[in-house]
Amino acid sequence: MKDNEKGEPEKTKGKVHLVLGSGGARGIAHIAVIEELEKAGYEIIEVIGCSMGAVVGGIYAAGHLKDYKEWILNLNKKAVFDLLDFTFAKQGFVKGEKLFAKHVEVTGQEQIDEFPIPFTAVATDMRHHKEVHFTKGDLYKALRASVSIPGFFVPVVEDGMVLVDGGVLNPLPINLVKKQEEAIIVAVNLNGKPDQKFNKKPKTEPDTLDEVQKWFNKVLPDSMKSKSKTKQKAELPAKEESFSLIELMDSTFSFTQDRLTDLMIEMYKPDHLIDIPRNACGVFDFDQGKRVYDIGKNSYQKVLG
């Protein structure tokens, strides 16, 4: 607990169960929400996260959020792309080992059992069609499983399970909160209603998803390669939108998450819901960290400021 200007301990504003949703690079907004909660005097007594929400929440619960923030907010487009270790595996085309080796380098090895704050990471077991909740064991195994977007990342195979992104079944796991008396539930939804102002930002270079598509085109047979934008426009009727294979995979997963998130919020209403517009940035646009961090801060202020 921090001291005030008179040297006296500050009173906590209240206890918080924090639920952090999935949504790729938009999850950088979670860092700002956590910092704002602490700055306001709230005590976070439990963290439950899915996918990128599990990454930020787990690293926070382990006590390394400051170091992680410094690293992730300074990533550029090349650094993001260099973290993607492409493979020809039939279940995905990014291994994810390089990415999480970097996470371990930033924060060190951590065991969930040893955290001062109870933490849960949510993944999905495709073999047994059920959610998997990591509440103990190696943090990075849990995070690697929780972020494994189907089709993109190679699944984690362990103990007879085939583990992929928790967002497949529960992108905003409010239902897992172990509610304490007088504590409040704050949920951060990374798939909020789109904000028109984010549609107006200039696009001066391809985003990371475009770069992934370029790599994908290099290894695909000619019959499966996405057509150039010029050719697409020439072949399609006016105003008809076209999607590459990568864009279809991303959009399909996102639409499913939207519906599941809406249902979860309706059934398990949190005390405070912080929405991050889903068009704030793309799933893989981690080079936009500083901008997304500010969006998280502003979104917090609208709800709890």
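This tour visits a helix pair, a cavity and a loop residue in a predicted model.

**First stop: the helix pair.** Select residues 52-61, which form helix α2, together with residues 65-72, which form helix α3. The axes of the two helices lie 8 Å apart and meet at an angle of about 135°. Because angles over 145 degrees would count as roughly antiparallel and those from 65 to 115 as roughly perpendicular, α2 and α3 are oblique to each other. Next, display the side chains at the contact: α2 contributes M52, V55, V56, I59 and Y60, while α3 contributes L65, Y68 and I72. By class, this contact comprises eight nonpolar residues, with no polar and no charged ones.

**Second stop: the largest cavity.** The structure holds three cavities of 30 Å³ or more, and the largest has a volume of about 290 Å³. Select M52, L99, F153, F284 and F286, the closest to its centre among the 21 lining residues. Then colour α2, α3 and α5 (97-107), the elements that each give two or more residues to this lining. The lining divides into 17 nonpolar, three polar and one charged residues.

Move to the loop between β8 (272-277) and α10 (289-304), where R278 is placed. Is R278 buried or exposed? Its relative accessibility is 18%, and since buried means under 20%, R278 counts as buried. To view its surroundings, select R26, L190, N191, G192, K193, P194, S254 and D258, which R278 touches when residues up to four places away in sequence are not counted.

Note on methods
Residues numbered from 1 in each chain as written. Predicted model: local features only at pLDDT ≥ 70, side-chain atom pairs only at ≥ 80, totals over all residues. Heavy atoms only, no water. Axes fitted to C-alpha atoms, helices over the stretch in contact; angles between N-to-C directions. Helix = DSSP H or I, 4+ residues; strand = E, 2+ residues; numbered from the N terminus. Parallel < 35°, antiparallel > 145°, perpendicular 65-115°, else oblique. Contact = heavy atoms within 4.5 Å. Nonpolar A, V, L, I, M, F, W, Y, C, P; charged D, E, K, R; others polar. Buried < 20%, exposed > 50% of the residue type's maximum accessible area, 1.4 Å probe, protein only. 1 Å grid on protein atoms, 1.4 Å probe; cavity = no way out; pocket = protein on both sides within 12 Å on 5 of 7 lines; lining within 4 Å. Points joined across faces, edges and corners; volume = space filled by probe spheres on them.
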